[in-house]
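Dear colleague,

I am handing over the structure below, and my notes on what was found in it follow directly after.

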Amino acid sequence: MDLVEREGVASLDKRVEGSFASYDDIQLAIQNMLDQGYTPQQLVVISRNEEARQLVAESAVEVVVTSDEEESLWDKIVAFFTVELDDDDEEELFENYGIDEDTYERFEDALENGEYVLLIDSAPPVRQEHT
């Protein structure tokens, strides 16, 4: 059993919503998904950028940082609540979320450039707005 299966994320089918070049952009994308009725549990952010860890405290979404660098005490505390994988495990991570190899390869460059990749449940938002 690999790390991802132990964390209980392998059973969730996701789709890539997009990649976002800046921290502000990923924050806005997350808020947009929450406004559409998705719950934090339906969202996953994958990045090689250590700054992504802050999203756990800010929005309660799952964050996966695919590097093994931890610089500060805060990073170590936040790491306790996030999944950390080596670069070699990235493709398997995407596969475990139901995302095919071709899609992973399209977003691999974004990850290498420190961008944030947002995955959302393939299922519709949990909270539907009633007007």
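A residue is called buried here when its relative accessible area is under 20%. The model is a predicted one, and by that cut-off glutamate 50, at 12% relative accessibility, counts as buried. Glutamate 50 sits in the loop that runs between strand β2 (43-47) and helix α3 (54-59), and its side chain makes a polar contact, at 2.8 Å, with the side chain of arginine 53.

Turning to the chain as a whole, 46% of its 131 residues are buried, while the accessible surface comes to about 7,200 Å², with 45% of that area belonging to carbon and sulfur atoms. There are 6 helices and 5 strands, and along the sequence they follow the pattern α-β-α-β-α-β-α-β-α-α-β.

The average pLDDT of the chain is 78, and 71% of the residues score at least 70. Confidence is highest in helix α2 (residues 23-35), with a mean of 96, and lowest in helix α1 (residues 3-6), with a mean of 34. Over residues 1-11 the pLDDT stays under 50, and for this stretch the model has 17 contacts beyond four places in sequence. Where pLDDT is low, predicted coordinates should not be read in detail.

With best regards

Conventions. Residues are numbered from 1 along each chain as its sequence is written. This is a predicted model: local features need pLDDT of at least 70, side-chain atom pairs count only at pLDDT 80 or more; totals for chains, interfaces and linings use all residues. Side-chain values use heavy atoms; hydrogens and water are left out. pLDDT is the predictor's confidence in each residue, from 0 to 100. Helices (H or I, at least four residues) and strands (E, at least two) are DSSP runs, numbered from the N terminus. Contact means heavy atoms within 4.5 Å. Buried means under 20% relative accessible area, exposed over 50%, partly exposed in between (1.4 Å probe, protein chains only). A polar contact is a pair of N or O atoms within 3.5 Å; within protein, one must be able to donate a hydrogen and the other to accept it, and residues adjacent in sequence count only if both atoms are side-chain atoms. Accessible areas come from the Shrake-Rupley method with a 1.4 Å probe; for residues, only the protein chains shown count as cover.
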